Amino acid sequence: MEREQAVSKRVKVNVGAKENAEYLNTIIRLILHIVVYGVIIFAIVSFADKAYEFAYQIYGDVAVSQKATVKKNIEIKSGDNTVVIADKLYKEKLIMNKYSFIVRMKLSQEIIKPNTYKLANNMTYSEIIETICATDTESDE
């Protein structure tokens with residue numbers, strides 16, 4: 001009888017250990033799912049934020065600064081394309097993002113006039129495009 005009770009206790013302990021292992025396994029899977037879904041949600045929100053910011057730079061009026069703290073002379077040569085001009089403006093910190101400026105230029109369908117322009121870092125994309133695509137060649141605006 002004692003032997004049967006001892007065997008019965010071992011069986012109960014083994015069953016309890018198996019249930020605990022399954023319970024622990026379930027908790028680990030749940031935590032792993034929460035982490036994976038959290039990372040996915042974070043990635044989606046980050047992508048949406050970057051996409052919104054990029055679109056706003058294209059369609060909104062953005063400027064590097066609200067105050068006219070820096071005015072720079074930018075020379076646009078006759079062979080310069082939109083990518084070269086955007087790179088010059090970005091390096092001089094006159095635009096926020098060269099890729100959004102390139103898209104904005106392509107959408108505006110304006111023709112860039114070669115000249116030396118005085119541009120400020122508080123000018124919006126629209127003002128810069130208007131200045132470098134002006135029909136007259138005055139750069140003192």
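Biologist: What is the mean pLDDT of the protein, and which helix has the lowest mean among the elements?

Modeller: The mean is 84, and 83% of the residues reach 70 or more. Among the elements, helix H1 (residues 2-59) has the lowest mean pLDDT, 83, while helix H2 (residues 82-91) has the highest, 94.

Biologist: Where does pLDDT stay under 50?

Modeller: The general idea is that where pLDDT is low, the predicted coordinates should not be read in detail. Here, pLDDT stays under 50 over residues 137-141. The model has eight contacts beyond four places in sequence for residues 137-141.

Biologist: How many salt bridges does the structure hold?

Modeller: A salt bridge requires a side-chain nitrogen of Lys or Arg within 4 Å of a carboxyl oxygen of Asp or Glu. The structure holds five. One of them joins Lys 72 to Glu 92, at 3.1 Å from N to O. Because Lys 72 belongs to strand E1 (residues 71-76) and Glu 92 to the loop between H2 and helix H3 (98-108), the pair ties together parts that are 20 residues apart in sequence.

Biologist: Are Lys 72 and Glu 92 buried, exposed or partly exposed?

Modeller: Lys 72 is partly exposed, at 26% relative accessibility, and Glu 92 is partly exposed, at 30%.

Biologist: Which residues are linked with Asp 87 in a network of salt bridges?

Modeller: Lys 91 and Lys 98 are linked with Asp 87 in that network. Asp 87 and Lys 91 meet at 3.2 Å, N to O; both lie in helix H2, four residues apart, about one turn of the helix. Asp 87 is partly exposed at 23% relative accessibility, whereas Lys 91 is exposed at 61%.

Note on methods: Residues numbered from 1 in each chain as written. Predicted model: local features only at pLDDT ≥ 70, side-chain atom pairs only at ≥ 80, totals over all residues. Heavy atoms only, no water. pLDDT = per-residue confidence, 0-100. Helix = DSSP H or I, 4+ residues; strand = E, 2+ residues; numbered from the N terminus. Contact = heavy atoms within 4.5 Å. Buried < 20%, exposed > 50% of the residue type's maximum accessible area, 1.4 Å probe, protein only.
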